[in-house]
Amino acid sequence: MNPTLKRILRYLGYGLLILLVLLLVGVGYIWLHSPGTTAPLVDEKGKPVPNSIAVLEQVELNGTKQWILIRGYDRTKPVLLILHGGPGSSEMPLFTNNEALEKRFVVVNWDQRGAGKSYDPDLFNDAFTLQTFIDDTADLSRLLAERFRQPGSDSSKIYLMGHSWGTFLGIQTVEQHPELFRGYLGIGQVANQLLGEQLSYDWVLKQAKQRNDDDNVERLTEFGRPPYETPERWMDYLLPQRNMVAQYGGSLHKGSFNDLVFQKLLFCQEYTLSDKMNYMVGALKTIERLWSVVINTNLNQTTPAVKIPVYIFQGLHDYQTPYSVAQDYFNRLQAPQKQFFTFDKSAHGPVFEEPELFLKRIDEVVKN
């Protein structure tokens, strides 16, 4: 063999070996940060906070096993159940160890059926419908209300907070089961998602043209403006389009929502390595099953009124659930009490982008 070729092959072998070692070290490092447990809440001296709660557990909801994370510095505080986005994109990694929320509430993060720690391929059957998810939410809300029952007129009620898909699920749950909830809080409110997708398409195309991003312009032009005739076409469109939304500041106004989720997911200690590997599988399977109901539902028509207080937290620069669509729904919505909060420096995640202002608004509407 030619000596030069032998040296090249040897160097390639060394390079592949180094890459393999780095890969194994990386996997091992992530594995060490994936025990599948949650840390206790401790004071400045490292001692457990009296009357606090920090548990990660599997519960039975509507006939299936699903995972919840409960954390709070004072278990007598009101319960806040968080409905994650997607559908199918757990946000347990994003909300875990949120000290400010955990001092105000007993915070419950729930991985909905098929998502995150609740991933199970057998769940993707004929029962995987919007109504099933509403029933799951109601079942969990009853369980929490009973577990943390407190003195007072609202002792059997909890707060429900949704983000993105969680707002679509949440507002319809409180419409069907108002007796379970003290109030509803929506972040990045879904309303008429087909209109939202059309506005998002127009905005992204405009941004791409202004930046001379010819590849994005070509791809968007090839897809054409929504709607699309088949679920498969929607799935082909959504991933690249959402990447463009993130690229131009319509998911996080500064930064990438995808990067934020990825970073938090990698080092989320509540997730095992297996949970992290299944994360995207569950998310993709879920959105394939549920996107059609999201895109074909106009909440202005199906859910025009609810019987509990409603609070909407909307980023001005949001182009996943566009601001104008959410604001129009809020203006039409009938509720005994309602408030709409604009976040001028946020897009789809004001709770993450402007946390201090978000907490200030929470304190204005939630009486602990």
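Arg149 is partly exposed at 46% relative accessibility, where partly exposed lies between buried (under 20% relative accessible area) and exposed (over 50%), with a 1.4 Å probe and protein chains only. The side chain of Arg149 meets that of Glu146 in a salt bridge, 3.0 Å from N to O. This is a predicted model, in which local features need pLDDT of at least 70 and side-chain atom pairs count only at pLDDT 80 or more, while totals for chains, interfaces and linings use all residues. Residues are numbered from 1 along each chain as its sequence is written, and side-chain values use heavy atoms, with hydrogens and water left out.

**Salt bridges**

- The structure holds 12 salt bridges, each a side-chain nitrogen of Lys or Arg within 4 Å of a carboxyl oxygen of Asp or Glu.
- Arg242 and Glu197 form one of them, with the closest N and O atoms 2.5 Å apart.
- Arg242 lies in helix H8 (residues 231–247) and Glu197 in helix H6 (residues 193–210), so this pair ties together parts that are 45 residues apart in sequence.
- Both Arg242 and Glu197 are buried.
- Lys65 pairs with Glu60 in a salt bridge, the closest N and O atoms being 3.8 Å apart.
- Lys65 is partly exposed at 47% relative accessibility, and Glu60 is partly exposed at 48%.

**Helix H4**

- Helices are DSSP runs (H or I, at least four residues) numbered from the N terminus.
- Helix H4 (residues 130–147) has 18 residues and should span 26 Å at 1.5 Å a residue, which agrees with the 26 Å between its end C-alpha atoms; the expected span is 1.5 Å times one less than the number of residues.
- Buried residues of H4 include Leu130, Phe133, Ile134, Thr137, Leu140, Ser141 and Leu144.
- An α-helix has 3.6 residues a turn, so residues three or four places apart point the same way.

Notes. Helix = DSSP H or I, 4+ residues; strand = E, 2+ residues; numbered from the N terminus.
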